[in-house]
Amino acid sequence: MKRVVFEQTGPPADVLKLQDDVPAPQPARGEVLVRMLASPVNPSDLMYVAGRYGLTPKLPATPGFEGVGVVEGTGGGLLGWLRKGKRVAVINDRVGNWAEYTVTKARQVVPVPDDLSDDQAATFFVNPATALVMTGAVLDLQPGDWLLQSAAGGELGKMIVRLGKLRGFRTLNVVRRREQVAELKAIGADAVLVESDGPLPEQVKAAVPTGVRFAIDPVGGKTASEVIASLGQGGRCLLYGSLSDDPLTVHPRFLLSNAVTVEGFWLGAWAKREGALTMLKLFKQVRALMRDGVLQSTFAATYPLEEVKKAVEHAAAPGKGGKVLLKIGTR
Ligand SMILES: NC(=O)c1ccc[n+]([C@@H]2O[C@H](COP(=O)([O-])OP(=O)(O)OC[C@H]3O[C@@H](n4cnc5c(N)ncnc54)[C@H](OP(=O)(O)O)[C@@H]3O)[C@@H](O)[C@H]2O)c1
């Protein structure tokens, strides 16, 4: 089979290569063998390959934390047997999905409805679940609450805008490209700020004079520092990414005099702490909201595995305008 590998961490377009004649992996007990159909290039995949992620790859490694495929075999166990022959979303933090065949735990494959396209099913977990969990289980946003979010024009940011519209929390969105203002307003953003228009605390105060209590940031550096400094009394900020790769600067006096808290959020760690029932409920919600379009992704381009270098270069380009998808097989 074909698979993408890297033998050392570094810039993805430099270190990734295709192997085209390797044996398919063997599922152990409790695991399934999946024939992959498609897998997105997410920021977490790029950071993992670059050696800048919370998981350290055991080299040589194959990237690809999520995707869609068909279960073709099992290493034993009831759940694997039940999943055999099904088209499933594949969550994989062990072997990697950028390959014609992969293995993962049977409980990490989720059957997807027939009417969901392979492209959407490939992005079933990482962003949709993060959008639901951060705004629901973690921040518990209520109708009328304001949520400040940076990188709002990305795929996850747009899901959160649409969730806000559906659930009644209001989104105050920060983007770095002005052309995204109209796009976000069209999908229900309550307000959109452009980073280069001035310091965020001033822009946020002008937009919501009563103050904002909730914020989420995947950028870090100057952007996250300003997002935190924009919060009002009792404010709470979730940091869920490090796109700029820069550290924060926050004055302790601001945090203590305003009783502001700053927390990290990582879906993988959250999911490991939760029981099977919570995860089943979450998958059910994702299925329904994907069908309704709320948690759908848009796609900028698709590439075959052979063009993985082009795919990762495209995925890292500013203003790419949607997910980049690796098309691996057909149903
Ligand atoms: N913690 C978790 O469990 C978890 C789960 C899912 C996702 N995430 C994180 O969520 C973030 C967004 O994911 P995604 O799939 O939505 O990515 P995406 O579709 O690639 O969108 C990324 C967005 O971030 C913007 N951006 C990139 N670098 C930036 C910078 N230095 N300053 C300001 N804006 C910047 C991009 O702006 P342009 O459009 O102008 O390029 C784009 O709008 C990533 O950091 C990802 O790792 C975390």
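How far apart do the C-alpha centres of domain 1 and domain 2 lie? The separation is 29 Å. The model is predicted: local features need pLDDT of at least 70, side-chain atom pairs count only at pLDDT 80 or more, and totals for chains, interfaces and linings use all residues. Residues are numbered from 1 along each chain as its sequence is written.

Domain 1 spans 3-123 + 297-327 and domain 2 spans 127-268 (bounds from an automatic or database domain assignment). Their contact takes 10 residues from domain 1 and 8 residues from domain 2 (C-beta atoms, placed from the backbone, within 7 Å). On the domain 1 side, 1 residue is nonpolar, 6 are polar and 3 are charged. Here Ala, Val, Leu, Ile, Met, Phe, Trp, Tyr, Cys and Pro count as nonpolar, Asp, Glu, Lys and Arg as charged, and the others, Gly among them, as polar.

Both domains give residues to the shell around the ligand, so the ligand lies between them. The shell holds 26 residues (C-beta atom, placed from the backbone, within 6 Å). A151, G154, L156, G241 and L267 are the closest. The shell comprises 12 nonpolar, 11 polar and 3 charged residues. At least two residues each come from α2 (43-50), α5 (126-138) and α6 (155-167) (helices are DSSP runs of H or I, at least four residues, numbered from the N terminus).

Helix α5 also meets α12 (residues 276-291). Their axes come within 10 Å and cross at roughly 110° (lines fitted to C-alpha atoms over the stretch in contact; angles run from 0 to 180 degrees between N-to-C directions). The two helices are therefore roughly perpendicular (65 to 115 degrees). P128, A129 and L132 of α5 contact L282, Q285, V286, L289 and M290 of α12. Of these residues, 7 are nonpolar, 1 is polar and none is charged.

Note on methods
Parallel < 35°, antiparallel > 145°, perpendicular 65-115°, else oblique. Contact = placed C-beta atoms within 7 Å.
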